[in-house]
Amino acid sequence: MNFKAILFSFKTTLVLLALLAAGAGVATFIENDFGTSSARVLVYNNIWYEVVMILTTINLLGIIYKFKMWKNLPRFLFHFSFVVILIGAIITRYIGYEGIMQIPQGTTTNKMISLEPYLQVTIKNGEEIISHNEYQKEFTSLLPSLNNFFLIINFDNNSLKISYKDFMFAKKEAATMGLLTVEADLNGKKEDIRLPGLRGQIGVPKELKFDNLTIVLEYGSRYLDLPFSIRLNEFKLDRYPGSMSPSSYASEITVIKDSKTYDYRIFMNRTLGEGNFLFFQSSYFPDETGTVLSVNNDPGKWPTYFGYFLL
């Protein structure tokens with residue numbers, strides 16, 4: 001059997017593209033019922049989906065070379081565009097990240113909340129912080145066997161072991177909640193602890209006491225610093241006449257970068273672009289005193305846009 005003939009064939013292209021499409025479709029249902037983290041663990045960030053993406057890229061490059069498609073410009077651009085789009089997707093997967101920025105009206109901030117959840121472990125002796133460690137990890141309640149997690153932190157002739165025990169996901173109306181249970185083992189002394197937290201939500205710190213040491217555990221998103229600041233000058237919300245339903249809302253902001261500032265208006269169909277960061281009008285405070293912006297740092301967007309242009 002000729003491996004190259006199979007890999008660099010149009011039938012293989014169709015199979016690989018079908019797998020990508022099917023994976024994305026299944027992930028949509030998983031995300032709806034079991035949360036975004038489950039969709040990422042089982043599909044988008046899973047090794048099988050990454051392998052399919054890489055094989056699809058190799059397959060298309062091989063077909064372009066095999067059939068010398070550069071001699072026929074339309075065919076070449078059509079197939080090469082998919083290669084560029086897939087490369088953009090791979091860059092997004094490994095380099096890009098997203099977050100949420102919550103800004104009360106009249107305040108300035110350069111911090112956003114990461115969408116990626118972290119298990120944070122802080123070891124303290126009294127008020128002194130001996131060690132602080134962060135581990136990016138997502139869990140799924142759909143297939144708990146994929147949640148294997150174990151780490152060892154050695155400090156001052158002590159050994160702290162953190163191991164996974166359970167993860168639960170609950171969805172009630174528009175609210176979602178995650179509950180991670182881990183076991184902390186310090187020099188043979190073991191204790192279980194439950195940590196409420198989820199992707200896109202700041203965790204709740206929980207403490208464990210081991211003699212004179214305090215272990216602070218927290219699971220959820222963390223704050224990230226931006227290379228510039230944003231001030232929310234005014235949040236505007238318009239409603240349909242005779243109704244309390246919002247028709248549109250916008251954020252009048254000022255971007256402060258080094259010694260330069262400029263004003264900008266973000267609304268539902270108008271985003272702010274600053275460097276590799278994109279800011280989208282996502283939501284607002286329930287009392288309408290602040291804005292919620294979705295933040296996207298995605299260097300893979302340019303190859304993706306170029307691929308769409310070629311297509």
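**Helix packing and strand pairing**

Analyst: In this predicted model, α2 and α3 are roughly antiparallel to each other, because their axes cross at roughly 150° and an angle over 145 degrees counts as roughly antiparallel. Helix α2 covers residues 10-34 and helix α3 covers residues 36-44, and their axes come within 7 Å. The crossing of α2 past α3 is right-handed. On the α2 side, the residues that meet α3 are G23, A24, A27, I30, E31 and F34. On the α3 side, they are T36, S38, A39, L42, V43 and Y44. Sorted by type, the residues of this contact comprise 8 nonpolar, 3 polar and 1 charged.

Helix α5, residues 73-94, packs with helix α6, residues 301-310, at an angle of about 165°. The axes of α5 and α6 lie 7 Å apart. That angle makes α5 roughly antiparallel to α6. Their crossing is left-handed. From α5, the contact takes in L77, F80, S81, V84, I85, G88, A89, I91 and T92. From α6, K301, P303, T304, F306, G307, Y308 and L310 take part. The residues of the contact of α5 with α6 include 10 nonpolar, 5 polar and 1 charged.

The strands come next. Strands of a sheet pair through backbone hydrogen bonds, in either a parallel or an antiparallel way. Strand β1 (residues 97-104) pairs with strand β2 (residues 108-114) in the antiparallel sense, over 2 bridges. I100 has I113 in β2 as its bridge partner. The hairpin of β1 and β2 has 3 residues between the strands, and G106 takes a positive phi near 90° there. β2 also pairs with strand β11 (residues 223-239), in the antiparallel sense and over 5 bridges. In that pairing, M112 stands opposite L224 in β11.

There is also an open sheet of 4 strands, in the order β4-β3-β10-β9, with antiparallel pairing. Its edge strands are β4 (128-136) and β9 (206-210), each of which pairs on one side only. On average, neighbouring strands of this sheet are turned by 15° against each other, direction ignored. Within the sheet, strand β3 (residues 118-125) and strand β10 (residues 213-220) pair in the antiparallel sense over 8 bridges. L119 stands opposite Y219 in β10.

Terms used: Residues numbered from 1 in each chain as written. Predicted model: local features only at pLDDT ≥ 70, side-chain atom pairs only at ≥ 80, totals over all residues. Heavy atoms only, no water. Axes fitted to C-alpha atoms, helices over the stretch in contact; angles between N-to-C directions. Parallel < 35°, antiparallel > 145°, perpendicular 65-115°, else oblique. Left-handed = near helix turned anticlockwise from the far one by under 90°. Contact = heavy atoms within 4.5 Å. Nonpolar A, V, L, I, M, F, W, Y, C, P; charged D, E, K, R; others polar. Pairing = 2+ DSSP bridges.
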